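Work through the exercises below with the structure open. Try each task before reading its solution.

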Amino acid sequence: MNSDKEIMSRSEKTVYKWDEINWRKLERSVFKLQKRIYQASKSGDWKRAKRLQKLLLKSKSAKLLAVKRVTQINKGKKTAGIDGVKSLSPTQRLKLANELNLNKKSKPVRRIWIPKPGKSEKRPLGIPTMADRAKQALVKLTPEPEWEAKFEPKKKIQENRAQRRGKIIEHCQICGRLCNHSRKQRNHSKSK
């Protein structure tokens, strides 16, 4: 019934082919859901935010995007975990997205020793399996908008201050004068 590169979604009864998936549409749907989480967090509606986060975790679009990031986009996509899998075929990617379940226990990580920067010592690095990396990517999609809502205002204020300072310094360099950036700066810009 299904060809080699297509898998039927259990919940939607839709046949997916990895090469024919409209990635922009999936990204847009995930972004819209993340935007709703952001707005709920910003307004202080934590119950709604948590409910939307659970919806995002169960979303088919988010699962497919998580698998794509891990298997095709990320820098370590060719690094094998303890199971030895270095790359996945389109059929295997679809199967992984369909079977992505956060309730399953993670497999052990592969330990390798890498050198510390600037030192002769080495430190351990754990490399998870592809399935575990996909789970991590999926889970990473949910708290980002909530935390962005909490910390963004402070960040924007700092960016605005830095931009204003940069514009003042730029203005002084253009006109060739050194300005005291309090009252004298305001008087200098009025005289120009």
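The exercises that follow treat a predicted model.

**Exercise 1. Overall layout**

Task: State how many helices and strands the protein has, and in which pattern they follow along the sequence.

Solution: 
- Step 1. Count the elements. The protein holds seven helices and four strands.
- Step 2. Read them in sequence. The pattern is β-β-α-α-α-α-β-β-α-α-α.
- Step 3. Of the 192 residues, 32% count as buried.

**Exercise 2. The aromatic pair**

Task: Find the aromatic pair in the structure and classify its geometry.

Solution: 
- Step 1. Search the whole structure. One aromatic pair turns up.
- Step 2. Name the partners. Trp 18 and Trp 23 form the pair, 5.0 Å centre to centre.
- Step 3. Take the angle. The planes stand 65° apart. Planes over 60 degrees apart count as edge-to-face, so the Trp 18 and Trp 23 pair is edge-to-face.
- Step 4. Check burial. The cut-off for buried is under 20% relative accessible area. Trp 18 has 3%, so Trp 18 is buried. Trp 23 has 15%, so Trp 23 is buried too.

**Exercise 3. Helix 3**

Task: Compare the span of helix 3 with its expected value, and decide whether helix 3 is mostly covered or mostly open.

Solution: 
- Step 1. Take the span. Helix 3 covers residues 60–73 and reaches 18 Å from first C-alpha to last. That is close to the 20 Å expected for its 14 residues at 1.5 Å a residue.
- Step 2. Judge burial. Eleven of the 14 residues are buried, and helix 3 is mostly covered. Among them are Leu 64, Leu 65, Val 67 and Val 70. Lys 60, Lys 63 and Lys 68 are also buried.
- Step 3. Ser 29 is found in helix 1, residues 23–43. Ser 29 is partly exposed, at 31% relative accessible area, whereas Ala 62 is buried.

**Exercise 4. The largest pocket and helix 5**

Task: Describe the largest pocket, and examine helix 5, one of the elements that line it.

Solution: 
- Step 1. Take the volume. The largest pocket holds about 350 Å³ of space.
- Step 2. List the central residues. Of 18 lining residues, Leu 96, Glu 99, Lys 107, Ala 131 and Asp 132 are closest to the pocket centre.
- Step 3. Assign elements. Helix 4 (90–99) and helix 5 (130–141) each give two or more residues to the lining.
- Step 4. Sort by class. The lining has six nonpolar, four polar and eight charged residues.
- Step 5. Turn to helix 5. Its twelve residues reach 17 Å, close to the 16 Å expected. Its buried residues include Asp 132, Arg 133 and Leu 138.
- Step 6. Finish with Met 130, found in helix 5. Met 130 has 3% relative accessibility, so it counts as buried. Its C-alpha is 8.5 Å from that of Ser 87, 43 residues apart along the chain.

Notes: Residues are numbered from 1 along each chain as its sequence is written. This is a predicted model: local features need pLDDT of at least 70, side-chain atom pairs count only at pLDDT 80 or more; totals for chains, interfaces and linings use all residues. Side-chain values use heavy atoms; hydrogens and water are left out. Rings of Phe, Tyr and Trp (its six-membered ring) pair if their centres lie within 6.5 Å; planes under 30 degrees apart count as stacked, over 60 as edge-to-face and the rest as tilted. Buried means under 20% relative accessible area, exposed over 50%, partly exposed in between (1.4 Å probe, protein chains only). On a 1 Å grid over the protein atoms alone, a cavity is a set of points where a 1.4 Å probe fits but cannot get out, and a pocket is an open set with protein on both sides within 12 Å along at least five of seven lines; lining residues have an atom within 4 Å of a point. Grid points are joined across faces, edges and corners, and a volume is the space filled by probe spheres set on the points. Ala, Val, Leu, Ile, Met, Phe, Trp, Tyr, Cys and Pro count as nonpolar, Asp, Glu, Lys and Arg as charged, and the others, Gly among them, as polar. The expected span of a helix is 1.5 Å times one less than its number of residues.
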